[in-house]
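Subject: Structure handover and findings

Hello,

Please find the structure below. My notes on what turned up in it follow.

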Amino acid sequence: MSTNEKTILILADANPRAAIATLRALKNSDISIHLCFNKRSIINNIIYRRYYRNAPLYYDQTSEETFINSLISIKDAIGNYILLPYGEALLRWAIRRKDELKKAGVTLPTVDFEKYILLSDKESFANLCSDSDIDVPQKINIDWSTFKQKFVIKPKKLVNDQRCLKYPVLVENSNSFQKLKETNIDMTKHLLQEYIDGPSIYYCAYWEEGVCKLRFVQKNIVQQPAGKSVIKAVPYNLPEDILEKIEKMLQRIDWEGVIMIEVKEDLKTHKYYAIEANPRFWGPLQIAIDNGINFPAAIMGLNIEENKPKDSFGYLWLSGYISGFFIKLQTKTDFQKFQYENSEGIVYRDIWLRKDTYAYFFIEPIISVINNTLLSAVRVFGELSIL
């Protein structure tokens with residue numbers, strides 16, 4: 001699936017941490033890189049100012065039709081290009097119209113739509129793993145009268161429905177349980193699974209013509225409350241039997257392109273359970289890049305000979321502690337922290353505290369505080385107006 005095209009488009013605001021990692025990964029290449037945004041923002045200029053080789057472009061996400069039309073209009077402006085895989089909803093729109101885009105000169109280095117949702121949708125992924133002899137968390141029934149145990153509720157499929165969640169929710173105390181009960185979601189469209197108490201581990205890979213070309217595994221040792229974003233991670237080695245089962249599954253379905261599969265290790269039994277898959281670039285992509293595993297270069301058909309650094313690098317997102325603090329207040333849950341015995345010699349590098357993004361390192365916490373303070377004010381005002 002690697003390509004010799006020399007022009008790429010990055011939907012940079014769909015996943016800024018993955019986008020900046022991609023730009024760093026391709027900074028020494030001769031590829032023409034175009035950054036694309038949903039709207040104009042001073043923040044985008046702060047984050048990406050060193051990478052504006054070309055004037056920024058803009059897409060319209062009002063609907064699937066306007067989004068596809070904007071991608072085609074961009075092609076008319078810059079010529080044929082590759083659309084790198086960022087953003088769940090936007091990417092689904094693009095892959096669903098993959099053939100149409102291809103005819104217009106826009107290439108997606110992904111599988112077709114049916115295979116994409118096979119892994120991206122939570123229920124079909126769980127079923128695929130079970131069929132591949134990979135353990136998944138047990139489905140459970142809940143006594144809705146009172147909170148008795150931690151559990152995870154997931155949308156079976158990603159659908160445009162106000163009564164269906166857009167992402168998994170960890171229900172870990174009576175507060176989050178009550179909030180779930182107060183929602184108007186359709187329970188028939190959701191999957192309830194037991195909570196696995198243990199660290200999440202990301203299997204990250206690039207597959208081409210039925211072969212795993214690049215692989216990187218990370219262990220997440222700090223996550224935001226309620227199972228949100230990764231704050232701290234280290235390189236890791238999955239047990240060979242788990243690795244073999246995952247790769248046999250991907251080979252069996254003729255997977256192509258990038259993929260991140262999350263598994264969790266149960267701290268009590270030390271069994272590994274498959275949690276979900278993201279068939280697109282993931283947030284902490286930077287840790288793989290720092291450790292010499294260049295997934296964006298692989299997609300672009302560039303030299304991917306391993307050039308591992310002398311040090312082993314860990315991932316750090318210090319600003320994530322700030323936004324995590326507000327999640328903690330809202331959900332009344334805590335950060336998820338796990339021990340890593342082999343941390344000696346690991347050099348942690350913050351995603352933003354680097355010479356190309358120093359300014360944003362100091363600005364992101366301020367934005368987080370302002371946004372969360374405003375949201376709190378809106379909630380309070382709403383409650384007062386009801387009284």
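Strand 6 is covered on both faces: Phe151, Ile153 and Pro155 on one side, and Val152 and Lys154 on the other, are all buried. Buried means under 20% relative accessible area, exposed over 50%, and partly exposed in between, with a 1.4 Å probe and protein chains only. Strands (E, at least two residues) and helices (H or I, at least four) are DSSP runs, numbered from the N terminus.

This is a predicted model, in which local features need pLDDT of at least 70 and side-chain atom pairs count only at pLDDT 80 or more, while totals for chains, interfaces and linings use all residues. Residues are numbered from 1 along each chain as its sequence is written, and side-chain values use heavy atoms, with hydrogens and water left out.

Two strands count as paired if DSSP finds at least two bridges between them. Strand 6 and strand 7 have three bridges, whereas five join strand 6 to strand 8. Valine 152 has leucine 170 in strand 7 as its bridge partner, and glutamine 193 in strand 8 stands opposite valine 152 as well. For isoleucine 153, the partner in strand 7 is valine 169.

Contact here means heavy atoms within 4.5 Å.

Nonpolar cores

The largest nonpolar core has 104 residues, and those with the most contacts inside it are Ile10, Tyr203, Leu238, Ile259, Ile261, Phe281 and Phe295. Strand 9 (residues 200-208) gives the most to this core, with seven residues. A nonpolar core is a set of buried Ala, Val, Leu, Ile, Met, Phe, Trp, Tyr and Cys residues joined through side-chain atoms within 4.5 Å.

Leaving out residues up to four places away in sequence, phenylalanine 295 touches a list of residues that includes Cys204, Tyr206, Phe216, Phe281, Trp282 and Ile289.

Helix 1 (residues 16-25) is mostly covered, with nine of its ten residues buried. Among the buried ones are Arg17, Ile20, Leu23 and Arg24.

Salt bridges

A search of the whole structure finds 19 salt bridges. The criterion is a side-chain nitrogen of Lys or Arg within 4 Å of a carboxyl oxygen of Asp or Glu.

One of them joins the side chains of glutamate 88 and arginine 280, at 2.6 Å from N to O. Glutamate 88 lies in helix 4 (residues 88-96) and arginine 280 in the loop between strand 13 (272-278) and helix 10 (286-290), so the pair ties together parts that are 192 residues apart in sequence. Both ends count as buried: glutamate 88 at 18% relative accessibility and arginine 280 at 13%.

Aspartate 161 and lysine 189 also meet in a salt bridge, at 2.2 Å from N to O. Aspartate 161 is in the loop between strand 6 (151-155) and strand 7 (169-171), and lysine 189 is in the loop between helix 8 (174-182) and strand 8 (190-194), so this pair links parts that are 28 residues apart in sequence. Lysine 189 is partly exposed, at 30% relative accessibility.

Salt bridges that share partners join Glu64, Glu65, Arg96, Arg97 and Glu100 into one network. Within it, the closest N and O atoms of glutamate 100 and arginine 97 are 2.7 Å apart. Glutamate 100 is partly exposed at 33%, while arginine 97 is buried at 15%. Glutamate 64 lies in helix 3 (residues 64-78) and is buried, with a relative accessible area of 19%. Beyond its neighbours within four places in sequence, glutamate 64 is in contact with Trp93, Arg96 and Arg97.

Regards
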